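This briefing goes through one protein chain by topic. Please look over the sequence and the structure before reading the points below.

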Amino acid sequence: MKKLQQKKYFKDKKERNKKKISKKILTLAMTTLFSNLALADDFSFFEENKNYESLGETIVTVNKIEENLKNIPQSITVIDSEVIKEKEIKDVPDIIKEIPNMNSSKIRGTLASFRGLNSSMFTSNNPIVIYIDGVPYYDRYDFEPSLNNVKQVEVLRGPQGTLYGKDAIGAVINIITKEPENEWNGNIDVEYGNNNYMETALNASGALIKDKLFLGINGSFTSDDGWITNNYPGMDENADKSENRKASTFLLFKPRDNFEGKLTITNNYGEKNFMNGFATDNSVSVNDISRDDAENVSFDMPSYEKARTKSESLNLVYDMKNIKIETATTHKKFNVDGDYDSDFRANRGYYDGLSLFDNTNIDTWTQEIKFSDENQKIKWIAGIYGDKEERKQGPFGQEFPKYVNSTYLGNFIMNEESVTKSYTQAVFGQAMIPFGDVFELTLGGRYQKIDKEINLDMYFHTIGTTTNPIFAYNDKKTWNAFLPKAAFSYKYGENLTVYTSVSKGYMPGGFNYLASSGASEENSFDPQTSINYEIGTKYSGDKYVINASVFRMDIEDIHVYKSINTSSFVTDNAEKAHSQGIEIEGKYYLANHIELSGAIGLIDAKYDSYDAGTKKFDGEKIQNTPEYNGNLGVAYVTNRGIYGRVDAEIVGKTNYYDSANYKMVEVDGAIISNAKLGYKNKSWDIYGYIKNITDESYICGYLSRPGTAMIEFNNPRTFGIGVKCIF
């Protein structure tokens, strides 16, 4: 007992000393930033060349036509390319941190959540859909497209099924890339940070034929040794190292003033080893674990995920003055090859030398044709949509031990011949109808039909032998749905808009990939639906904007991912749930160059009726949903000269489902601080940054099964320098 007390004393002392050092670093960073800003103003180091337009004049395409942000009756966050660069936003999870009531983790792929809606594991769909120039990204393993050539990011909060399809039950991240000019221009970026983080990026675009034919190329490469050390002999000590290669090229042709087309080809590769945390047994209280415990691990089998994405898209636009016709054709092939230590630990006897594995190949075609008119008093858009997806899964499963006559045999279970096919057909439309100069009614709807089928053979046999499948599961399902939307807005003067809306969200049902017995009822799950009610207001002026909304979401058949034994996971339907809360975000110019920005989301998300078989969770908080999250930042912005910013991210307490012990566990949140300081001119941008200045630690992901709990942490303190050459 005395030794344990001493150990705890020294561990607490170490934490106190760490916090003292971290606070000194934060104070020094803030002092350096603001002293430089003050010095710059005193001696006119900044060029007064920033052309500040009204903050309310932001043009977006969230409704698939160009509109002013302040006039759209829904919650929307816009992040431009400058903010992406200034905040060191590298990927979609970094974007998610900027959005009220949005959250993500990376235990198995990228699991996103929003307003109490979570990833559907056996459809692999996230409740947030990403679109890059019309190409959809929704799979949890295929959720990190390149942000290398982005003009702006538009995040639409709330169900977006009317215009964006079957899976956009929670939100849409609409990424708009930069348009090329006649003159060739671009940039080269180089960045280096601790843990041997390296990034290089290239963007270039211009005209091949003036005003008629344009070419663009962009690519990036990043690598990181990570912060976790694997101490097992013979294994790579950089346990969580990663690398990403992303490249795309486009050809934009404008043979006539009213016709244009864009062909885009993308090739992305990403490899992530292990996880951003570690595995332990379920007997340890989750809040007694810190990130320090994860810095040194030991596992005896390679653990990695390799993801490859290849896509081609062709967008055509023909503008006939009164009617615009647009077509978008996309083809995407995606593959993930995953191999993992069976229990993410070594020297435990039972599972030593055994692996989990996942090989998935997805081939998707989509076609959309839409018609719109944004020049008349009544603006409208209508269209048809179809997609075809084939998902081949195998080998997919787990090696596991078996004892026969005191002899250890390695066996495995897998569905090496699983194929799931999905077909979608839909018609959609939306109209914005003004009443006088101050009222506007938005009505929209989407009718869709989704067909799915699965052919699964489950095997259970000794390594090196072949047998017949122990279970064959063949099934077909058809779901028809109508997704309506209605919104009403009122303009009070030029600066204030008040709105209310109601919309239906939808996520398709599916099949469990680990079926080993039972019929359709046991091995399939129903679609998840939601009705979202929202009241909001938007105020914009020359110096500040503020947007606020109150929402309520009633959810039925919510998808829940859980373990049913040591090797098998299933998706279940919780009968009813709800979420309600508020979201506020704004931006204010304290002076010509000093910008204050912030956002906050508060939420109450609970299961109303959920019987998990072993326990009822009525009244429990929905998993993966922080009680609150937000950000606050102050920045000195300029086109040329010294610039800098200090930001804080805040995350509240979060519930996770502990499948091993059939209960919810609650983990603490944290406040994370970041800073960046740089100097730029017409041709160069030189900067340094620190993320998580005070080295705060919190749990941001949790997944358990009997005997094992996988715990994901936020990144420790990272810092680096970078140079951007603009040509």
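**Nonpolar surface patch**

Tyr628 is part of strand 33. The model that holds this residue is predicted.

- Tyr628 belongs to a nonpolar patch on the surface, together with Tyr544, Ile546, Val550, Ile582, Ile584, Tyr588, Leu590, Leu596, Ile600, Leu602 and Leu632.
- Together, the residues of this patch have about 960 Å² of accessible area.
- Two or more patch residues come from each of strand 30 (544-563), strand 31 (569-589), strand 32 (594-609) and strand 33 (628-636).

**The chain as a whole**

- The chain contains five helices and 41 strands.
- Buried residues make up 54% of the 727 residues in the chain.
- Among contacts with a separation of 6 or more, 67% are between residues 24 or more positions apart.
- The chain has an accessible surface of about 31,300 Å², and carbon and sulfur atoms account for 55% of it.

- Strand 40 (residues 708-713) pairs with strand 39 over six bridges in the antiparallel sense.
- Strand 40 also pairs with strand 16 in the antiparallel sense, over four bridges.
- Met710 in strand 40 has Ala279 opposite it, and Leu703 also stands opposite Met710.
- Ile711 in strand 40 stands opposite Tyr702.
- The hairpin of strand 39 and strand 40 has two residues between the strands, and Gly707 in this hairpin takes a positive phi near 95 degrees.

How many of the six residues of strand 40 are buried?

- Six of the six residues in strand 40 are buried, and the strand is mostly covered.
- In a regular strand, side chains alternate between the two faces of the sheet.
- In strand 40, Thr708, Met710 and Glu712 are on one side, while Ala709, Ile711 and Phe713 are on the other; all are buried, and both faces are covered.

- Most residues other than glycine have a negative phi.
- Asn196 has a positive phi, near 55 degrees, and lies in the loop between strand 10 (185-193) and strand 11 (197-209).
- The relative accessible area of Asn196 is 29%, so Asn196 is partly exposed.
- Asp695 also has a positive phi near 55 degrees, and lies in the loop between strand 38 (684-691) and strand 39.
- Asp695 counts as buried because its relative accessibility is 15%, which is under the 20% cut-off for buried residues.

**Salt bridges**

- The count of salt bridges comes to 32.
- Arg645 and Glu86 form a salt bridge in which the closest N and O atoms are 3.2 Å apart.
- Arg645 is in strand 34 (residues 641-651) and Glu86 is in helix 2 (residues 81-86), so this pair ties together parts that are 559 residues apart in sequence.
- Both Arg645 and Glu86 are buried.
- A network of salt bridges links Glu86, Lys87, Glu98, Arg645 and Asp647.
- A salt bridge joins the side chains of Arg115 and Glu583, at 2.8 Å from N to O.
- Arg115 is in the loop between strand 5 (111-114) and strand 6 (125-132), Glu583 is in strand 31, and the pair links distant parts of the chain, 468 residues apart.
- Arg115 counts as buried at 0% relative accessibility, and Glu583 is buried with a relative accessible area of 1%.
- In the salt bridge of Lys621 with Glu627, the closest N and O atoms are 2.3 Å apart.
- Lys621 is partly exposed, at a relative accessible area of 28%, and Glu627 counts as partly exposed at 27% relative accessibility.

Key. Residues numbered from 1 in each chain as written. Predicted model: local features only at pLDDT ≥ 70, side-chain atom pairs only at ≥ 80, totals over all residues. Heavy atoms only, no water. Pairing = 2+ DSSP bridges. Buried < 20%, exposed > 50% of the residue type's maximum accessible area, 1.4 Å probe, protein only. Contact = heavy atoms within 4.5 Å. Areas by Shrake-Rupley, 256 points an atom, 1.4 Å probe, with all protein chains shown as cover. Patch = residues over 30% accessible without salt bridge, like charges linked within 9 Å, V, L, I, M, F, W, Y side chains within 5 Å. Salt bridge = Lys/Arg side-chain N within 4 Å of Asp/Glu carboxyl O.
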